[in-house]
Amino acid sequence: MGFARTCSVALIGVEGVVVEVQADLEPGLAAFTLVGLPDKSLVESRDRVRAAIVNSGETWPQKKLTVGLSPASVPKGGSGFDLAVACALLAANERIAPKSIADLMMIGELGLDGRVRPVRGVLPAVLAAADAGYRHVVVPERTTAEASLVPGVAVLGVRSLRQLVAVLNDEPVPEEDDEAPCREGRPDPILAGLTVPGGGVGAGLATSLGGSASGGGLALGPDLADVAGQSAARLALEVAAAGAHHLYLKGPPGAGKTMLAERLPGILPALTRQESLEVTAVHSVAGILPAGRPLVDAPPFCAPHHSATMPSLVGGGSGLPRPGAVSLAHRGVLFLDEAPEFTVKSLEALRQPLESGHVVVARSAGVMRLPARFMLVLAANPCPCGRHSLLGAGCECSPTAVRRYQARLSGPLLDRVDLRVEVEAVSRSELIGRGPGESTAVVAARVRDARERAAVRYADTPWRANGDIPGHELRTRWPVAPGAMHPAERDMERGLLTARGLDRVLRVAWTLADLAGHPRPDAEDVRAALQLRTGVSRGPATAGSR
């Protein structure tokens with residue numbers, strides 16, 4: 001009788017659970033039994049492992065083989081357990097020493113020829129291994145860079161099962177040639193396991209790959225200088241970026257709402273190391289991590305179509321839920337163009353992640369908690385035809401149709417949006433007569449300075465931006481100038497602001513103060529914050545860009 005064990009990781013969302021892979025060989029009729037709540041793809045590992053071991057020149061044991069995945073109560077899926085199953089089996093058959101794999105974490109899929117193929121979710125799996133105290137991890141060679149992002153873990157990248165057996169037995173490591181090169185223009189077949197067709201859900205990673213202008217790199221994305229006019233909307237965009245505030249743009253078609261939203265990621269600061277790991281982990285699990293770029297270091301931009309379903313927005317799918325658009329936009333921007341065209345159920349599902357910064361998805365197969373700390377940008381027309389706010393434009397929508405259309409964005413949802421701006425139609429003089437406005441790089445520099453002031457203020461707290469801090473903490477620990485909040489408090493007494501709305505105004509006032517270089521918000525900052533939230537003029541605005 002032979003017994004051996006090693007370890008792998010089961011992913012539930014972006015959280016990993018360490019799984020002990022046990023192999024037991026006993027005399028009896030040759031059979032291969034896999035237990036421990038495996039899904040269909042994991043059950044098929046029996047055939048993959050058998051073929052990989054035989055084609056690697058090893059002997060398949062003609063005994064009763066039982067492979068257990070513990071803890072047995074945790075659902076397990078995917079092909080990433082193949083490598084651990086194969087090594088546990090070879091150790092139970094005394095081909096390799098059981099002690100040599102007992103403290104190893106193994107992640108990888110096996111091809112029928114014995115090659116180790118990459119899988120999705122390597123980064124969160126290695127993070128879970130590091131948290132559990134494992135310091136040596138074996139991964140497919142193509143994902144070595146991704147696994148090496150985790151500090152304090154020694155990563156061994158292998159191309160084949162033959163190479164791993166040789167390393168564990170201290171034998172000469174055989175050379176493994178790359179698979180037959182694919183024809184020009186065709187994708188690399190060995191990387192097919194890293195991507196999921198349609199898994200991006202509108203994630204504009206190409207925008208973030210251009211680099212954040214505020215990060216000091218070359219900004220390849222759209223430039224704010226392309227936007228004609230729209231001084232109020234540009235100010236709101238700058239305030240949103242400086243304080244991580246949610247934004248609602250309302251105006252007629254062609255006014256520039258989409259142009260403004262697409263330029264928001266370019267003025268956001270580059271992600272910190274911890275934020276980059278969080279974003280990369282989500283993208284790795286979702287199968288949209290770009291090949292050859294193991295670390296996402298710029299804020300993502302996710303813009304799903306208005307036909308997107310609720311599971312595609314907040315997460316879902318058959319079996320264990322998969323990350324949705326709110327998680328793919330984590331630490332970045334979620335842009336909902338034509339927001340009233342989304343289903344009411346989908347829009348209302350955003351209320352929880354807007355408040356908590358995460359989303360909890362419950363399905364029959366399990367409950368998953370996913371990060372969802374994003375900036376929401378809503379864009380909407382004033383009516384179904386879009387001409388309601390234009391003088392002489394000939395809007396034919398009835399008042400009832402206009403009210404019904406605008407009511408698709410509910411009061412509780414809009415109450416969670418800090419900035420609400422009317423985007424007016426661009427005039428001929430603004431479009432043709434004036435030169436280009438401020439560039440993305442200029443605005444990004446002001447945003448970076450404002451974020452740094454906020455970071456110094458919140459240095460000993462778990463928060464980094466004004467949009468993240470709870471209202472109670474902001475009111476009690478960082479008071480504004482005496483009497484500055486009187487206009488907002490009067491609006492609350494009149495029923496024009498909710499308690500949540502008052503806190504949102506206070507957050508925006510702090511962001512305006514940071515942009516202007518004020519030590520704390522004064523009455524002018526609060527009036528400007530009220531104007532940005534309600535759309536009602538409260539006097540001249542004051543911010544760093546004015």
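**Entry 1. Burial and serine 56**

I begin with a term: a residue is buried when its relative accessible area is under 20%. I note also that the model I am reading is predicted. I looked up serine 56 and found its relative accessibility to be 8%, so serine 56 counts as buried. Serine 56 is placed in the loop between helix H2 (45–55) and strand E4 (64–70). I then listed its contacts, leaving aside neighbours within four places in sequence, and found Asp113, Gly114, Leu161 and Arg162.

**Entry 2. The chain as a whole**

I recorded 24 helices and 16 strands in the protein chain. Of its 546 residues, 51% are buried. I also looked at contacts with a separation of 6 or more, and 72% of them join residues 24 or more positions apart.

**Entry 3. Nonpolar cores**

In soluble globular proteins, nonpolar side chains tend to be buried together. I found that the largest nonpolar core here has 58 residues. The residues with the most contacts inside this core are Val239, Leu247, Leu264, Ile267, Val377, Ala488 and Val526. A second, separate core has 39 residues, including Ala4, Val85, Ile101 and Val138.

I followed leucine 247 further.

**Entry 4. Helices H9 and H23**

Two packed helices are described by the angle between their axes and the distance between the axes. I looked up helix H9 (residues 231–243) and helix H23 (residues 499–516), whose axes come within 9 Å and cross at roughly 100 degrees. H9 and H23 are therefore roughly perpendicular to each other. On the H9 side I noted Glu238, Val239, Ala242 and Gly243, which meet Val508, Thr511, Leu512 and Leu515 in H23. The residues of this contact divide into five nonpolar, two polar and one charged.

**Entry 5. Alanine 125**

I placed alanine 125 in helix H5 (residues 122–131). Is alanine 125 buried or exposed? Its relative accessibility is 3%, so alanine 125 counts as buried. Setting aside residues up to four places away in sequence, alanine 125 touches Val9, Leu11 and Ile107. I also compared alanine 125 with valine 18: they are 107 residues apart in sequence, and their C-alpha atoms are 8.5 Å apart in space.

**Entry 6. Cysteines**

How many disulfides does the structure hold? I found zero disulfides. For cysteine 397, the nearest cysteine sulfur is that of cysteine 385, 3.6 Å away.

**Entry 7. Backbone details**

Most residues other than glycine have a negative phi, and most peptide bonds are trans. I therefore searched for departures from this pattern.

The peptide bond from serine 70 to proline 71 is cis, with omega near 10 degrees. Proline 71 lies in the loop between E4 and helix H3 (82–92).

Aspartate 170 has a positive phi of about 55 degrees, although it is not a glycine. I found aspartate 170 in the loop between helix H7 (161–168) and helix H8 (205–209). With 73% relative accessibility, aspartate 170 counts as exposed.

Arginine 331 also is not a glycine, and its phi is positive, about 65 degrees. Its place is in the loop between helix H14 (325–328) and strand E12 (333–336). At 26% relative accessibility, arginine 331 counts as partly exposed.

How values were computed: Residues are numbered from 1 along each chain as its sequence is written. This is a predicted model: local features need pLDDT of at least 70, side-chain atom pairs count only at pLDDT 80 or more; totals for chains, interfaces and linings use all residues. Side-chain values use heavy atoms; hydrogens and water are left out. Axes are lines fitted to C-alpha atoms, for helices over the stretch in contact, and angles run from 0 to 180 degrees between N-to-C directions. Helices (H or I, at least four residues) and strands (E, at least two) are DSSP runs, numbered from the N terminus. Angles under 35 degrees count as roughly parallel, over 145 as roughly antiparallel, 65 to 115 as roughly perpendicular and the rest as oblique. Contact means heavy atoms within 4.5 Å. Ala, Val, Leu, Ile, Met, Phe, Trp, Tyr, Cys and Pro count as nonpolar, Asp, Glu, Lys and Arg as charged, and the others, Gly among them, as polar. A disulfide is a pair of cysteine sulfur atoms within 2.5 Å. Buried means under 20% relative accessible area, exposed over 50%, partly exposed in between (1.4 Å probe, protein chains only). A nonpolar core is a set of buried Ala, Val, Leu, Ile, Met, Phe, Trp, Tyr and Cys residues joined through side-chain atoms within 4.5 Å.
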